[in-house]
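Dear colleague,

Please find the structure below, with its sequence. My notes on what was found in it follow directly after.

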Amino acid sequence: RQVHWKGIQFIIPAFEQLLQQYPNAKLVLTNANGDFKTDIQALLKNIPTKNYIEIEFEENVTSLFHLFDVYVHTPINAEVEAFGQTYIEALASGIPSVFTLSGIAHELIENEKNALVVDYQNSVAILEAIKRILGDKNLANTLKMNGIANVQHSFHLQTYIQKLEKLYTL
């Protein structure tokens with residue numbers, strides 16, 4: 001959703017700068033509605049319309065994820081994301097990702113292992129992380145493989161049962 005706390009206002013300037021090195025890059029903004037839409041539209045005026053698309057609703061999110069070279073989700077602080085299913089979806093889809101830590105990301109995301117973690121509200125850090133992924137195929141592949149493995153392990157039924165049993169034996 002286009003709400004202030006999602007941090008899209010820091011992704012768009014990073015993408016604008018990315019176009020200098022990758023002029024054919026395309027920004028995909030999904031679930032493109034919300035109370036911050038006017039602010040997002042103002043930021044998008046600096047980007048050629050051929051370089052971005054806004055999708056208000058996509059029923060088949062899994063297929064959409066497989067189109068991405070990099071996934072970016074950067075909430076503005078550690079507490080705003082209640083859970084953050086999007087972290088899990090991106091890793092499970094094998095998309096090299098750039099994140100800030102909020103919600104479940106505190107337990108799931110490991111910088112340089114399954115994603116690149118950037119500081120909150122930092123367009124420069126977002127830009128540099130995206131460029132690292134696009135410029136280093138080995139890094140991108142490592143993040144992809146570790147992300148898939150991490151989600152498979154962390155959300156496997158047996159792992160869930162073991163964690164639940166451990167909780168009840170405390």
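Is Arg132 buried, partly exposed or exposed? Arg132 is partly exposed, because its relative accessible area is 39%; here buried means under 20% relative accessible area, exposed means over 50%, and partly exposed lies in between, as computed with a 1.4 Å probe on protein chains only.

Before the details, a note on the basis of these values. This is a predicted model, in which local features need pLDDT of at least 70 and side-chain atom pairs count only at pLDDT 80 or more, while totals for chains, interfaces and linings use all residues. Residues are numbered from 1 along each chain as its sequence is written, and side-chain values use heavy atoms, with hydrogens and water left out.

Salt bridges

The count comes to 5 salt bridges, a salt bridge being a side-chain nitrogen of Lys or Arg within 4 Å of a carboxyl oxygen of Asp or Glu. One of them joins Lys37 and Glu54, with 3.4 Å from N to O. Lys37 belongs to helix α2 (residues 37–44) and Glu54 to strand β2 (residues 52–55), so this pair ties together parts that are 17 residues apart in sequence. Helices (H or I, at least four residues) and strands (E, at least two) are DSSP runs, numbered from the N terminus. Lys37 counts as partly exposed at 25% relative accessibility, and Glu54 counts as partly exposed at 26%.

Arg132 takes part in a salt bridge with Glu112, in which the closest N and O atoms are 2.7 Å apart. Glu112 sits in the loop between α5 (105–108) and β5 (116–117), whereas Arg132 is in helix α6, so the pair ties together parts that are 20 residues apart in sequence. Glu112 is partly exposed, at 39% relative accessibility.

A further salt bridge links Lys131 with Glu128, the closest N and O atoms being 3.8 Å apart. Both of these residues lie in helix α6, 3 residues apart, which is about one turn of the helix. Lys131 is partly exposed, with a relative accessible area of 27%, and Glu128 is partly exposed at 40%.

Aromatic pairs

The whole structure holds 5 aromatic pairs. Rings of Phe, Tyr and Trp (its six-membered ring) pair if their centres lie within 6.5 Å; planes under 30 degrees apart count as stacked, over 60 as edge-to-face and the rest as tilted. The ring centres of Phe65 and Phe68 are 6.0 Å apart and their planes stand at 80°, so this pair is edge-to-face. Phe65 and Phe68 are both buried. Tyr71 and Phe99 also form an edge-to-face pair, with 6.3 Å from centre to centre and 70° between the planes. Since Tyr71 is in strand β3 and Phe99 in strand β4 (residues 97–99), the pair ties together parts that are 28 residues apart in sequence. Tyr71 is buried, with a relative accessible area of 12%, and Phe99 is buried, with 0%. Ring pairs link Phe65, Phe68, Tyr71, Tyr87 and Phe99 into a cluster.

The largest pocket

A pocket is an open set of points on a 1 Å grid over the protein atoms alone, where a 1.4 Å probe fits, with protein on both sides within 12 Å along at least five of seven lines; lining residues have an atom within 4 Å of a point. The largest pocket holds about 1,100 Å³ of space, a volume being the space filled by probe spheres set on the points, which are joined across faces, edges and corners. Helix α1 gives the most to its lining, with 5 residues. By class, the lining has 22 nonpolar, 8 polar and 7 charged residues; Ala, Val, Leu, Ile, Met, Phe, Trp, Tyr, Cys and Pro count as nonpolar, Asp, Glu, Lys and Arg as charged, and the others, Gly among them, as polar.

A buried glutamate

Glu81 lies in the loop between β3 and α4 and is buried, with a relative accessible area of 10%. Leaving aside neighbours within four places in sequence, Glu81 is in contact (heavy atoms within 4.5 Å) with Trp5, Lys6, His73, Pro75, Tyr87, Ser102 and Gly103.

With kind regards
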